[in-house]
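Please consult the sequence and the structure while working through each solution.

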Amino acid sequence: MRNAIKIIASKMRPFLKLVLSLFFERKYLEGRYFDIGYDGYLWALKSIWIRNILRLGVPRPWPTGLTCHVSNAKNIFFHPDDLNNFQSPGTYFQNFKGLIHIGHGSYIGPNVGLITANHRLTDLDAHEDAKDIVLGENCWIGMNSVLLPGVILGPRTVVAAGSVVTKSFPEGNVVIGGVPAKSIKMLCSIDSHVLQATA
């Protein structure tokens with residue numbers, strides 16, 4: 001099926017984008033998965049089948065895997081190049097009251113939760129006021145991690161698998177992990193491929 005989609009997409013990109021724009025906002029049909037690669041077309045067709053036709057999930061303005069949960073599509077901001085984060089199984093974006101900003105080039109692993117509002121301890125039927133979550137560019141959130149309300153991660157922050165992030169690490173260039181997450185190691189601020197290119 002993947003090869004068939006590649007052949008069709010390479011010859012019919014404008015037409016396919018027109019058809020897909022009946023289901024998704026056009027701004028999400030751009031970027032590397034549609035303009036360079038073909039995965040976006042496959043994700044879009046799967047999303048239409050699962051969410052729009054079979055109604056196994058709520059339709060979203062961008063292609064989304066079945067087990068990806070987004071509370072409020074209007075409260076999440078990301079670059080179309082990062083559409084892959086919404087195909088990751090078990091991801092949970094709880095943002096019905098708060099905003100989530102995902103920096104360009106960030107990766108979110110399976111079963112990750114981003115939570116903008118907790119339950120009230122004195123009344124579990126109610127929620128506390130929301131606090132936005134902000135991920136800087138090129139962050140990596142490892143599998144089974146949870147980011148709690150108000151967390152801000154600077155660029156190039158790596159969250160170790162299974163971590164619970166309760167506070168912000170706005171400086172970036174750091175590996176954090178644990179429960180609660182703490183700084184484990186600082187990262188070099190210049191990528192090795194940049195150093196090789198300038199040598």
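**Exercise 1.** Determine how far apart the closest N and O atoms of Lys 17 and Asp 35 are, and explain what their pairing ties together.

*Solution.* Step 1: In this predicted model, the closest N and O atoms of Lys 17 and Asp 35 are 2.4 Å apart, and the two residues form a salt bridge (a side-chain nitrogen of Lys or Arg within 4 Å of a carboxyl oxygen of Asp or Glu). Step 2: Because Lys 17 belongs to helix α1 and Asp 35 to helix α2, the pair ties together parts 18 residues apart in sequence; helices are DSSP runs of H or I with at least four residues, numbered from the N terminus.

The model is predicted, with pLDDT of at least 70 needed for local features and 80 or more for side-chain atom pairs, whereas totals for chains, interfaces and linings use all residues. Numbering starts from 1 along each chain as its sequence is written, and side-chain values use heavy atoms, without hydrogens and water.

**Exercise 2.** Classify Lys 17 and Asp 35 as buried, partly exposed or exposed.

*Solution.* Step 1: Buried means under 20% relative accessible area, exposed over 50%, and partly exposed in between (1.4 Å probe, protein chains only). Step 2: Lys 17, at 9%, is buried. Step 3: Asp 35, at 37%, is partly exposed.

**Exercise 3.** Identify the network that contains Lys 17.

*Solution.* Step 1: Lys 17 also meets Glu 30 in a salt bridge, at 3.4 Å from N to O. Step 2: Through shared partners, salt bridges join Lys 17, Glu 30 and Asp 35 into one network.

Conventions: Helix = DSSP H or I, 4+ residues; strand = E, 2+ residues; numbered from the N terminus.
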